[in-house]
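I am opening my notebook to record, step by step, what I looked up here.

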8 protein chains.
Amino acid sequence: MELNYQTPVVLIIMGSDSDLTIMSEAAESLKSLNIPFKITVASAHRTPQRIQELIEEAEDTDMHVIISGAGAAAHLAGAVAAHTTLPVIGVPLDASPLSGFDALLSTVQMPAGIPVATMAIGKAGAKNAAIFAAQILAIKYPSIREQLKTVKSQMTESVIEKAKKVESLYTIV
Amino acid sequence: MELNYQTPVVLIIMGSDSDLTIMSEAAESLKSLNIPFKITVASAHRTPQRIQELIEEAEDTDMHVIISGAGAAAHLAGAVAAHTTLPVIGVPLDASPLSGFDALLSTVQMPAGIPVATMAIGKAGAKNAAIFAAQILAIKYPSIREQLKTVKSQMTESVIEKAKKVESLYTIV
Amino acid sequence: MELNYQTPVVLIIMGSDSDLTIMSEAAESLKSLNIPFKITVASAHRTPQRIQELIEEAEDTDMHVIISGAGAAAHLAGAVAAHTTLPVIGVPLDASPLSGFDALLSTVQMPAGIPVATMAIGKAGAKNAAIFAAQILAIKYPSIREQLKTVKSQMTESVIEKAKKVESLYTIV
Amino acid sequence: MELNYQTPVVLIIMGSDSDLTIMSEAAESLKSLNIPFKITVASAHRTPQRIQELIEEAEDTDMHVIISGAGAAAHLAGAVAAHTTLPVIGVPLDASPLSGFDALLSTVQMPAGIPVATMAIGKAGAKNAAIFAAQILAIKYPSIREQLKTVKSQMTESVIEKAKKVESLYTIV
Amino acid sequence: MELNYQTPVVLIIMGSDSDLTIMSEAAESLKSLNIPFKITVASAHRTPQRIQELIEEAEDTDMHVIISGAGAAAHLAGAVAAHTTLPVIGVPLDASPLSGFDALLSTVQMPAGIPVATMAIGKAGAKNAAIFAAQILAIKYPSIREQLKTVKSQMTESVIEKAKKVESLYTIV
Amino acid sequence: MELNYQTPVVLIIMGSDSDLTIMSEAAESLKSLNIPFKITVASAHRTPQRIQELIEEAEDTDMHVIISGAGAAAHLAGAVAAHTTLPVIGVPLDASPLSGFDALLSTVQMPAGIPVATMAIGKAGAKNAAIFAAQILAIKYPSIREQLKTVKSQMTESVIEKAKKVESLYTIV
Amino acid sequence: MELNYQTPVVLIIMGSDSDLTIMSEAAESLKSLNIPFKITVASAHRTPQRIQELIEEAEDTDMHVIISGAGAAAHLAGAVAAHTTLPVIGVPLDASPLSGFDALLSTVQMPAGIPVATMAIGKAGAKNAAIFAAQILAIKYPSIREQLKTVKSQMTESVIEKAKKVESLYTIV
Amino acid sequence: MELNYQTPVVLIIMGSDSDLTIMSEAAESLKSLNIPFKITVASAHRTPQRIQELIEEAEDTDMHVIISGAGAAAHLAGAVAAHTTLPVIGVPLDASPLSGFDALLSTVQMPAGIPVATMAIGKAGAKNAAIFAAQILAIKYPSIREQLKTVKSQMTESVIEKAKKVESLYTIV
């Protein structure tokens, strides 16, 4: 099956526009994988109604995955998951004095029945949310699997290249 | 102004019926203060719609305070607070391997604009939620203030009584 | 019932004048809601006597709510709550190497009988303390409820506006 | 597209056979959703080779999702994710004196490029891993989406039923 | 200078009579050192007035050291230290789901100016509070120093004795 | 009894000369109280022998209290306490990525028999170590008690002065 | 080079005889590898002198590795490492209300210059201390390397065997 | 036995080239001890194959010790230990918002059978990894033991020198 590059298949929601500096990692990663997405802001606490509307829109337009990034008592991913059976990926953000530790526990410790696929705190997690969304989509769209394999090989090569540079710094005389 | 003892003024919501062993502390404390309440179950994640309905009912029937008890990624109090301007009191419960630590952070670390008045983890918190609700109601119903003062005096006396027993255990010969 | 705008109804106490940078959030929020308040400094450990005097004054002048902000082994809110049946709201401050974690546990883990309504660590908590105080006062003064509803709507609109900006950053070509 | 009920599409790996008491939650949930799976034991540290073999087998037989449960320094999910572009779901287990806290951080804090979709610690997480796997599969097999919606409705109904029981315990006379 | 064995020189205060199972360690240790003490109950939150009275009595009767044991948001030692310049020793107790971690931070993180000498959580801490009180008293009463040296030697001997038993369990054949 | 102002009665040991920026708080506080002290560096791990020598010197020259400040796996205070029955005060320092949390637990969680009087992490703790030393010495030297009472009054006055400044910032018009 | 099976090459020290239930794991593992060892009790705080004597004995009798197990403020391994350049392996034990978390930080966070090779908390750590000691000895005694390879193969086989049992529990009909 | 100074006996692997700022401490320490080493980059997750190759090379060229430094969900040391019976030393790095706490638990909490000798978080740990490697090698190469004793003496002297400077800052007039 072929991906339609005109219609978003991933919805990225962040709890506040100040989260964009981190969540843009997810957007850029999806872009580099040619996966069409919509990115927006919605707060579990300030706009509960809007969350429901966004999910209805996502389901009606046949989106496949939702990525949610939030900090502090990060309820966003859970609030999204409460309203849908689409896979929801949560990114805990470091946005309070507790270094994202509060966001991690608020995102991951979901009760039985309502999973949220939690990623690492911060930038690594935002990027991985995009890659994990792609891994999910690859189940339906085999061409994404090929892209992911290419990205994985490039990562491997990049490490090996860096390894050579580090190795050259210390030599036994 | 006089309290109408036929209509509930406090709504207690717990995330699961298994939370009743702890949250009954709140119910019993309200009962002993003669404050009429409704107690029920609703889950932020399993029944998001029901939460909205309960809040609408609470506002329509002129309830004054909402107490919410939940464990793990305890979003319940926050989800309630998102839909109302009534004061919401949150009780974090010890219902996962993390000893209620996850519930505490999920309940207390609310973003600016949507407060949740967080109590201690577990039984002490459940009881204090009821007393704090009474302290709020006392602003409108002065007779509750008198009751609270009586309870406070009794606590003081009870400590003094226990002190005497402990003092008598060790005497200098 | 109408609020008298000449007499303070909320007392804000902070443990040290260095806490003002954070606790001014509470003051400014009450100000913008037209809720008269008194703000001062008192330390649970350095001025225990003063705390009792402030509470007596608060009770004598018919104040309704006390907000307390403190860091480290933050006993202030608890020390206040020990002397009154007025509702006490505690704001844990990030004022030691432990990122406010010590202040959070010292404020929230109150024993049964003496509740402190604990808010988030730092600025979000200071602001929410003011809003929660307003939610309590709204039980007696209905006009405050209307103000709170307006503030809540504005928050919602503000999120939607920001959402549009973020949405416009990434468009599918 | 129709699911072939004779071939496993989900692989469940646990780090030790003692993890079965928890990970059987994942197995039972998949079973009740009629999703064929293979369940086995492999250790990131004791059998690194076996992990590669299991992944090769999974990819060759066209499995779609891998669930991994492990405790302590829980490297299993990460070690699996290192070898595949299939979506990997990690379940941290409470199997050391640190209450699963070590397993949570070891599972979730993956570096950019290699995501692991982390669930809650313990039983809730094991069950949610199965549901999340189903949510992923539903992208390809629409009938699973219908099943998930049914399960979600049943959860809602079950909460409402329990709510009624709790409500009946306390009545205003 | 000689210790008067008829008048208490140490005051032990615990926050609740349920703390006696732990705090009796302090009492028994003082008893075995022949140091006269008074033991009683007083709560920072339930009986703030009583704390002041106990301290006044302690100062008037020329007591030298105060030991205070409390759990959860353990303000007791700090509340005592706020009212006196006598040395105050705090014992954090494991009396909430957070394993005494809350009591430790509430006791030790005192602000500049008001020290509390904090001991380990639980029984070890209660015993050490007594020994530390004796070490303080030994500055004035040299005979206590001799006793402490004897106790220290006995501890050393006891370890060596146990060492021999353990050594004998494993022998090289 | 009168204090001899020519002979040190307090020994301050820090684990590294880099700790001086914090531990100078203890030195300055003792200085302002006119309590003679010796300050030096010794490491539990790098100079175990030196610790024994310093303690012998302290005991031989009739010092009364030892203050020890160290970071990370802060064994210094415990190592000192192992060799003496003089009261040992420990100051945990924030000298590793773990914010002094490691130093706190390493200092306070001493086994039964060997107490270390632990202060707050960092500057507040260093200052309080000096005040606590003075409180101990005051048992023998009554003039120090008078000084401590004066310092305590000054603290109270200073808070009241600051309170007035803060109060004047917000006035009801 | 051949190992002399009559002379201990590993010294196991535990902080208290009550630690034997855990530390016997280390002893039994060394025994099963035919590595001669001495096991004894010594406390960093109760018997500092004894630690020095044990290390001198260990160095004089040409022992190669020291294993140290202790709980709470676990200074034992660090105290041992302070006196020797032999490799010291530390096992943090779960012996306080803080679940071994205090012992872990006290053991691992050693300052630059004095390493302690820290193992996992509790039984797994005690066993691994023995295996790690064997890995060190294998550098000198090649026959131990062979034994370790055999043990490693047996572990692999044991996992595969258990995997088969688990696999047989769930079969697709 | 004499060390061959032309062939590396220690292999240092770090998870990312950005770890070099910390791990160079290990390299420089080995260099100053004249211990030949190879330093390179390999990621447990991005280059699992490379890890096996590096270990094979290390075993084939008769290296004796492997040092591994990694941050976040730091699986590197464990992944290395899974493939070899050579002693593996793990250095947890502070490379995520959680201050290296995640790396510490991921490195140290290894299951029974596969030890990783864990050092302190960050620079102290990196340096100690080198010293511990030297302590291991000293079992085979006695000249390294002499060097280690010299380094240890120098540390002691350096502390004493610093002590003198600090002592001179505060003198009793």
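How many residue pairs are in polar contact between chain A and chain C? I noted first that this is a predicted model, and then found that the count is four residue pairs, with both residues of a pair at pLDDT 80 or more.

Entry on the side of chain A. I looked up which elements of chain A take part, and helix H1 (20–32) and strand S2 (37–41) each supply at least two residues of the side that touches chain C. Sorting that side by class, I wrote down 12 nonpolar, six polar and six charged residues.

Entry on the salt bridge. I found one salt bridge counted between chain A and chain C, and I traced it to Glu167(C) and Arg50(A), whose closest N and O atoms are 3.2 Å apart.

Entry on the contact and its area. I read that 24 residues of chain A and 16 residues of chain C make up the contact. The two chains, A and C, bury about 1700 Å² between them, and 73% of this lies on carbon and sulfur atoms. Of the area that chain A buries against chain C, 31% comes from Arg46(A), Pro97(A) and Leu98(A), which is more than any other three residues supply.

Entry on Tyr141(D). I turned to chain D, where Tyr141(D) sits in the loop between helix H5 (123–137) and helix H6 (142–169). Is Tyr141(D) buried or exposed? I put Tyr141(D) down as buried, because its relative accessible area is 7%, under the 20% cut-off. Leaving aside residues up to four places away in sequence, I listed Met1(D), Glu2(D), Leu3(D) and His64(D) as the residues that Tyr141(D) touches.

Methods:
Residues are numbered from 1 along each chain as its sequence is written. Chains are lettered from A and ligands numbered from 1 in the order in which they are written. This is a predicted model: local features need pLDDT of at least 70, side-chain atom pairs count only at pLDDT 80 or more; totals for chains, interfaces and linings use all residues. Side-chain values use heavy atoms; hydrogens and water are left out. Contact means heavy atoms within 4.5 Å. Buried area is the accessible area (1.4 Å probe) that two parts lose on being put together, summed over both. A salt bridge is a side-chain nitrogen of Lys or Arg within 4 Å of a carboxyl oxygen of Asp or Glu. A polar contact is a pair of N or O atoms within 3.5 Å; within protein, one must be able to donate a hydrogen and the other to accept it, and residues adjacent in sequence count only if both atoms are side-chain atoms. Helices (H or I, at least four residues) and strands (E, at least two) are DSSP runs, numbered from the N terminus. Ala, Val, Leu, Ile, Met, Phe, Trp, Tyr, Cys and Pro count as nonpolar, Asp, Glu, Lys and Arg as charged, and the others, Gly among them, as polar. Buried means under 20% relative accessible area, exposed over 50%, partly exposed in between (1.4 Å probe, protein chains only).
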